[in-house]
Amino acid sequence: MITLIIDDNAIARTTLLELTSQIKGVVVACECGNALDAYNYLQENNVDLLLLDIEMPGMSGLELTKNLGNKRPVIIFTTSKKEYAVEAFELNVADYLVKPITPGRFLQAIEKAKQVFESNKEEIRWENDEFIFIRDSNIVRRLKLEEILYAEAMGDYVKLFTAKKFFAVHTSLRSLEERLPAARFLRIHRSYMVAIDKIDTLQDGAVLIGEKSLPVADAYRKTLNKRMNVL
């Protein structure tokens with residue numbers, strides 16, 4: 001994997017460079033001392049993996065991640081602070097390393113990143129408005145859109161629930177929302193998206209699909225009421 005190290009601390013960059021040099025298949029293309037330089041570099045160069053610090057002068061690592069959007073490389077955060085972990089994982093990063101980083105923990109993070117990198121090559125393929133193709137372990141399966149009840153974000157994955165089972169797909173809910181037909185699916189919460197025609201009841205800030213109750217966030221309630229023609 002072609003890798004970019006981003007950290008305002010020169011010693012930290014050297015440490016990461018030494019760690020990556022010991023792992024086959026990981027090549028450091030460049031080092032950047034701040035997020036803005038990294039952003040500019042990424043506009044002109046293809047990179048597979050970012051080893052990214054969070055607290056830096058100017059743009060933070062979290063801000064860089066958000067500015068790169070859905071087409072960003074795989075990201076491992078490397079930081080001295082634990083308190084950003086929740087926000088970081090909401091951005092669907094591969095791992096979160098707290099300094100000082102041990103070789104064993106670093107290798108574990110790289111293995112996670114490799115798995116994400118491989119799965120990102122093609123996890124979901126869209127044939128038309130009626131089907132999606134999803135990777136279930138090593139098998140690509142066809143799933144009818146009409147079978148999908150709802151989707152739930154779970155870390156680096158999204159679970160697609162049908163009446164009989166669920167499928168875990170390596171993608172983000174935001175990416176899924178952009179690609180599923182908006183006429184049939186609606187985001188109701190940062191962690192949930194539902195098939196509109198599968199909603200049975202709307203009550204007390206939640207929707208019921210069968211016996212499953214899913215929360216509706218305030219930010220999505222007005223849109224949901226409009227789509228359901230609630231009077």
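Predicted model: local features only at pLDDT ≥ 70, side-chain atom pairs only at ≥ 80, totals over all residues.
## Overall build

The protein has 231 residues, and 44% of them count as buried. Its secondary structure comprises seven helices and 16 strands. Along the principal axes, the C-alpha atoms fill a box of roughly 60 × 35 × 30 Å.

Of the contacts between residues at least 6 apart in sequence, 49% join residues at least 24 apart.

## Surface and charge

The accessible surface comes to about 12800 Å². Carbon and sulfur atoms account for 48% of that surface.

Charged side chains number 31 positive and 33 negative. The centres of these two sets lie 4 Å apart.

## D53, the annotated site

An unreviewed UniProt entry places the feature "modified residue: 4-aspartylphosphate" at D53. D53 sits in the loop between β3 (49-52) and α3 (61-68). Its relative accessibility is 5%, so D53 counts as buried, the cut-off being under 20%.

Leaving out residues up to four places away in sequence, D53 touches I6, D7, D8, G61, F77, T78, T79 and K99.

D7 lies in another loop, between β1 (2-6) and α1 (10-21). D7 is buried because its relative accessible area is 0%, and buried means under 20%.

The D7 side chain makes a polar contact of 2.6 Å with the side chain of K99. The D7 side chain also reaches the backbone nitrogen of N9, at 2.8 Å. Beyond four places in sequence, D7 touches A12, R13, C32, G33, D53, M56, T78 and K99.

## E31 on strand β2

E31 belongs to strand β2 (residues 27-32). Its relative accessibility is 36%. This value falls between the 20% and 50% cut-offs, so E31 counts as partly exposed.

The side chains of E31 and R13 are joined by a polar contact of 3.5 Å. Setting aside neighbours within four places in sequence, E31 is in contact with L4, I5, R13 and L17.

The C-alpha atoms of E31 and L224 are separated by 46 Å, and the two residues are 193 apart along the chain.

Terms used:
Residues numbered from 1 in each chain as written. Heavy atoms only, no water. UniProt positions renumbered as here; feature names shortened; annotations may be inferred. Helix = DSSP H or I, 4+ residues; strand = E, 2+ residues; numbered from the N terminus. Buried < 20%, exposed > 50% of the residue type's maximum accessible area, 1.4 Å probe, protein only. Contact = heavy atoms within 4.5 Å. Areas by Shrake-Rupley, 256 points an atom, 1.4 Å probe, with all protein chains shown as cover. Lys, Arg positive; Asp, Glu negative; His and termini not counted. Charge placed at Lys NZ, Arg CZ, Asp CG, Glu CD. Polar contact = N/O pair within 3.5 Å; in protein donor to acceptor, adjacent residues only side chain to side chain.
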